[in-house]
Amino acid sequence: EDRETEFQLNLQLTKTETELENITAQLTQAESYAAAKKTLDETVKAEAMQVVALEAAQTTLDAAQTTIPEQEALSKTITQIDLLLPSYDELNEKADALAGAKKKITAAKVDLKTVDDSKTDLSGEITALKAEQAALSDVTAEKEKLTADHDKLVERKEKLNVLLHGISNLDDQRTTLADKQAEFLAADVESTRLLQEYETKNRAFLSEQAGIIASTLVDGTACPVCGSVTHPCLAALSENAPTEAEVKKARKAYDTAQKATEKASLAAGKQQAVVTTMEAALLKETDALLPGTALESTAAVASAQAADLSDKIKVLNTQITDTEAKITRKQMLDSLIPQKEASLTDADAKLSAAKEQIATYTASAEELQKQIDEYMAVYNAALQREYAVQNSINAIIAQLKAAEEAAAAAAAEAPEAE
């Protein structure tokens, strides 16, 4: 029973599916018809529109073709504009001339700066040199003063050296005096000794003479000394009595020694006079150079002052040398500053010339720029007009082309519509 029911149901299902397929086929056919009808309606409508478009395109084409004379007129206008444009070569020449003028201006400005810098440097240098020159204005007077001070010190030192030399000579003369005085004393001692020796020998010799006379007396004969004719007590002869020759020799020795003593005394006296004279002169010089200084202290004081003067003279010599260098520098400045001022004047002239040259180049450049601007104004105006004309021509051509293409397309589609 279940199988029978299932079979009936399947059969019924198959029948239903067949009917559904038929209905679907009918629907499909109906849709195809509707689509075909719609396509037909659209085609009819499109053909109508193509006809209208063809007519419009033909009208537009006819209107565009009427602009051909205008195109030709515009082309002639462009040719005329081209003829009115400035010469490119002339404009290029002026542009080159302007560039050259600008280069000259740049170079002239560099020269101007160089000259101006040089002038500034020269001005500063001259100012510094003049300041140095002013600072050295008194160097000649300064040298004269230093030289005068130097000469005074040298003169005083020379006087002190003369004084010291005199003191040294005095010392030598005092030494000589002491020597001569010693010689005199020695000679005096010797002459005194020889005098005593002579006198002793002479007395002895004289005493011996009585014995000699007594040895020759005879009674009754008068004595040559006393005149007595009797000779009761005769003088005896001495065994050591000097001879007359010995007495004379002693006398001669004494006389020689006495002369030597007198000579030594005279020499010592003369030397004393020399020393006294020198002492008086040196004392006078000392009072003049070193007031209040004792003669015995003169050498020490004069030596100390001479050493001090030597140091001062050395300092002055250094100062004088420095001053002479300053004088040499001032003389150089006296010659150099006018040269620098002449260079400054020359720099002023060069500066003025450079400024005039820049002004000339600038005026030339401005004139060239003005001419170029005028050329460019004319050129740009002409170009703008030419562009405008050309744009008009291009628009007309584009319009004509578009009309031709539209007409051709419309003409190509029209037979298909039929």
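This is a predicted model: local features need pLDDT of at least 70, side-chain atom pairs count only at pLDDT 80 or more; totals for chains, interfaces and linings use all residues.

Guide: Residues are numbered from 1 along each chain as its sequence is written, and side-chain values use heavy atoms, with hydrogens and water left out.

Visitor: How many helices and strands are there in the chain?

Guide: Helices (H or I, at least four residues) and strands (E, at least two) are DSSP runs, numbered from the N terminus. Here the chain has six helices and zero strands. Its pattern reads α-α-α-α-α-α.

Visitor: What share of the residues counts as buried?

Guide: Buried means under 20% relative accessible area, exposed over 50%, and partly exposed in between (1.4 Å probe, protein chains only). Of the 418 residues, 22% count as buried. Take Thr 67, in the loop between α1 (2–65) and α2 (68–84). Thr 67 counts as buried because its relative accessibility is 14%. The C-alpha atoms of Thr 67 and Ile 396 are separated by 7.0 Å, yet these residues are 329 apart along the chain.

Visitor: How many salt bridges does the structure hold?

Guide: Side chains of opposite charge can pair when their charged atoms come close. A salt bridge is a side-chain nitrogen of Lys or Arg within 4 Å of a carboxyl oxygen of Asp or Glu. The structure holds 17. One of them joins Arg 174 and Glu 279, at 2.6 Å from N to O. Arg 174 lies in helix α4 (residues 139–214) and Glu 279 in helix α5 (residues 244–289), so the pair ties together parts 105 residues apart in sequence.

Visitor: Which helix holds both Lys 330 and Asp 334?

Guide: Both lie in helix α6 (residues 295–417), four residues apart, about one turn of the helix. Lys 330 is buried, at 19%, whereas Asp 334 is partly exposed, at 34%.

Visitor: Which residues form a negative surface patch?

Guide: Patches are made of residues with over 30% relative accessible area and no salt bridge: like charges are joined within 9 Å, nonpolar side chains (Val, Leu, Ile, Met, Phe, Trp, Tyr) within 5 Å. Asp and Glu count as negative. Here Asp 89, Glu 90, Glu 93 and Asp 96 form the patch. Asp 96 is found in helix α3 (residues 88–135). Asp 96 counts as partly exposed, at 48% relative accessibility.

Methods:
Accessible areas come from the Shrake-Rupley method with a 1.4 Å probe; for residues, only the protein chains shown count as cover. The place of a charge is taken as NZ of Lys, CZ of Arg, CG of Asp or CD of Glu.
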